[in-house]
Amino acid sequence: ASFPGEQNRPHDVQWDDVNGLALVGVQSDTAGGGSLWTYDPATDQSHMFVNPIDAQQYVRSVATRDGVAYLGGGLQNTDGPGTVVAFDPVNGQELWRMAPLPGAGIAALAVQGDYLYGLTRKGGFFVIDLVQRTVVHTADVSAVSNGYAALVRNRGVVYGVPDTDVFRFHPTTFGSNRGPASRVR
């Protein structure tokens, strides 16, 4: 699939099992803002939704659950509203939005069960209950994550990686006896 050149910096890719779509979060260096790209390999159809968060925030991270794409936004620097948008990737419609930790752009998102885990570029950690649409946990994990990061889910546990460490979050308390995140040795 090809997309316009101004949507030039892909940041994240996820597979949406429900809709059979590849979802790609993108930053636009030339126009500002960003987009969500979708690609359906069964039909070879692709779509682009420009500025699904707003005209300034790029789409830094994408996670998916039950056919909904969760988009994490941010600005070029570490500041900004750090908005999370629940988005219908088939119809291109926003379902809801929130800024779980205002003042810091989103670095990474991952879904585990009914929870959306998120890291900000300033080392903030949040968990959103997707059923209630409320923030149920926040913590400062800047000791292990500050700046760009990635999250991945495996066997019921969410792992994170910034530039030097791999760490994990407890699946029910969202922390550990060593703090909100524990390093994996």
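**Salt bridges and an open sheet**

The structure holds 3 salt bridges, a salt bridge being a side-chain nitrogen of Lys or Arg within 4 Å of a carboxyl oxygen of Asp or Glu. This is a predicted model, where local features need pLDDT of at least 70 and side-chain atom pairs count only at pLDDT 80 or more, while totals for chains, interfaces and linings use all residues. Residues are numbered from 1 along each chain as its sequence is written, and side-chain values use heavy atoms, with hydrogens and water left out.

Trainee: What is the mean pLDDT of the protein chain?

Mentor: pLDDT is the predictor's confidence in each residue, from 0 to 100. Residues 176–180 stay under 50, yet 93% of the chain's residues reach 70 or more. The mean comes to 88.

Trainee: How many residues apart are aspartate 114 and arginine 65?

Mentor: Strands here are DSSP runs (E, at least two residues), numbered from the N terminus. Arginine 65 is in strand β5 (residues 58–65), and aspartate 114 is in the loop between β9 (106–112) and β10 (115–120). The pair links distant parts of the chain, and the separation is 49 residues.

Trainee: Is aspartate 66 buried or exposed?

Mentor: Buried means under 20% relative accessible area, exposed over 50%, and partly exposed in between (1.4 Å probe, protein chains only). Aspartate 114, at 33%, counts as partly exposed. Aspartate 66 has a relative accessible area of 58%, so the label is exposed.

Trainee: Which strands stand at the edges of the open sheet?

Mentor: The order of its 4 strands is β5-β6-β7-β8, with antiparallel pairing; two strands pair if DSSP finds at least two bridges between them. An edge strand has a single partner, so one side is left without a neighbour in the sheet. That describes β5 and β8.

Trainee: Which residue in β8 is the bridge partner of valine 85?

Mentor: Strand β7 (residues 84–88) and β8 pair in the antiparallel sense over 5 bridges. The residue you want also has a salt bridge with glutamate 94, at 2.8 Å from N to O, and is partly exposed at 37% relative accessibility. Valine 85's partner is arginine 97.

Notes:
Contact = heavy atoms within 4.5 Å.
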